[in-house]
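My entries follow in the order in which I went through them.

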Amino acid sequence: MRQENVKLIVAYAVVLGIAYLALGVAELALGIHHLLWPNENASLAGIVPADILGGFASLVIGATFLVSASVLRGARESWGYIIAGLFLSAVYGVLYMLIVGADGLNTWLSYVAGEGNWTWDWLTSGTAGPGLLRPEIWLFLASLPLAYQTLRALKQFHVVR
C-alpha cells in the first residue's frame with residue numbers, strides 16, 4: 001500500500017475523530033445544561049440532543065479515531081484503533097437507526113389499532129431525539145468509506161483475507 005493512501009486513511013479517521021469529539025462535547029454540555037435547568041429546551045438547532053451518555057460515547061469514539069494517527073509513525077498495531085472506532089461507530093449508528101425504526105413501528109401499530117393518525121413525524125422526532133437527523137447516524141454513514149479503505153489496506157498488508 002502506498003504511503004499516500006495510508007495518509008488519506010489516517011486523515012479521514014482524524015477528521016471523523018474531531019467530528020465525534022465536537023458532537024460529544026456538545027451533547028454532554030447540553031445534557032448537563034438540561035439537568036441544571038430542566039424546563040428549558042436543550043438541543044442545538046433541533047439536531048444535537050441533550051444526551052449525557054450519547055455524548056460520552058461520542059467522546060470515546062472520537063478519541064479512538066484520534067489515537068489512530070500513530071499509524072503514520074509506522075505503528076501497525078494502531079490500525080486496531082481505526083477498526084475499533086469503526087466498530088463503535090457502527091454499533092451506535094445502527095442502534096440509533098433501530099430506535100428510529102422502533103418509533104416507526106410504534107406509530108404504525110398505533111395507527112392500525114385506531115389510536116391515532118398516521119404521520120411521518122417519527123422520522124424526525126421520537127425516542128432518539130431528532131430521529132434520522134441524529135448526528136451519530138450520519139457520522140456512521142460517513143465512516144463507511146473509511147471502513148472500505150481500511151479493509152482494503154489491511155488486505156494488502158496480508159492482515160485479513
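**Entry 1**

Residues are numbered from 1 along each chain as its sequence is written, and side-chain values use heavy atoms, with hydrogens and water left out.

I then looked up the salt bridges, taking one as a side-chain nitrogen of Lys or Arg within 4 Å of a carboxyl oxygen of Asp or Glu, and the count came to 3. In one of them the side chains of Arg134 and Glu27 meet, with 3.6 Å from N to O. Because Arg134 lies in the loop between helix 3 and helix 4 while Glu27 lies in helix 1, this pair ties together parts that are 107 residues apart in sequence. Helices (H or I, at least four residues) and strands (E, at least two) are DSSP runs here, numbered from the N terminus.

Asp51 also forms a salt bridge with Arg134, and their closest N and O atoms are 2.5 Å apart. Asp51 sits in the loop between strand 2 (48-49) and helix 2, so that this pair, too, links distant parts of the chain, 83 residues apart. For Glu136 and Arg134 the closest N and O atoms are 3.0 Å apart. Taken together, Glu27, Asp51, Arg134 and Glu136 are linked in a network of salt bridges.

How buried are the members of this network? Arg134 has a relative accessible area of 3% and is buried, Asp51 is buried at 19%, and Glu27 is buried as well. I also noted that Arg134 lies over the face of Tyr96, at 4.0 Å from the ring centre; a charge sits over a ring if NZ of Lys or CZ of Arg is within 6 Å of the ring centre and within 35 degrees of the ring normal.

**Entry 2: the nonpolar cores**

Next I looked up the nonpolar cores, each a set of buried Ala, Val, Leu, Ile, Met, Phe, Trp, Tyr and Cys residues joined through side-chain atoms within 4.5 Å. The largest has 21 residues, and those with the most contacts inside it are Val6, Ile9, Phe65, Val71, Trp79, Ile82 and Leu146. Helix 1 (3-36), helix 2 (52-67), helix 3 (79-112) and helix 4 (135-156) each give two or more residues to this core, and the largest share, 9 residues, comes from helix 1. A second, separate core of 5 residues includes Tyr96, Trp122, Ala128 and Ile137.

Which residues does Trp79 contact, leaving aside neighbours within four places in sequence? With contact meaning heavy atoms within 4.5 Å, I found Val6, Ile9, Val71, Thr150, Ala153, Leu154 and Phe157.

**Entry 3: the aromatic pairs**

I searched the whole structure and found 5 aromatic pairs. The rings of Tyr111 and Trp118 have their centres 6.2 Å apart and their planes at 65°, so this pair is edge-to-face. Rings of Phe, Tyr and Trp (its six-membered ring) pair if their centres lie within 6.5 Å, and planes under 30 degrees apart count as stacked, over 60 as edge-to-face and the rest as tilted. Tyr111 is partly exposed at 43% relative accessibility, and Trp118 is partly exposed at 29%. Ring pairs link Tyr111, Trp118, Trp120 and Trp122 into a cluster.

**Entry 4: the chain and its confidence**

The protein chain has 4 helices and 2 strands, in the pattern α-β-β-α-α-α along the sequence. Buried residues make up 35% of its 161 residues.

Last, I checked pLDDT, the predictor's confidence in each residue from 0 to 100. The chain mean is 87, and 93% of residues reach 70 or more. Confidence is lowest in strand 1 (residues 43-44), at a mean of 68, and highest in helix 2, at 94. Where pLDDT is low, the predicted coordinates should not be read in detail.

Terms used. Predicted model: local features only at pLDDT ≥ 70, side-chain atom pairs only at ≥ 80, totals over all residues. Buried < 20%, exposed > 50% of the residue type's maximum accessible area, 1.4 Å probe, protein only.
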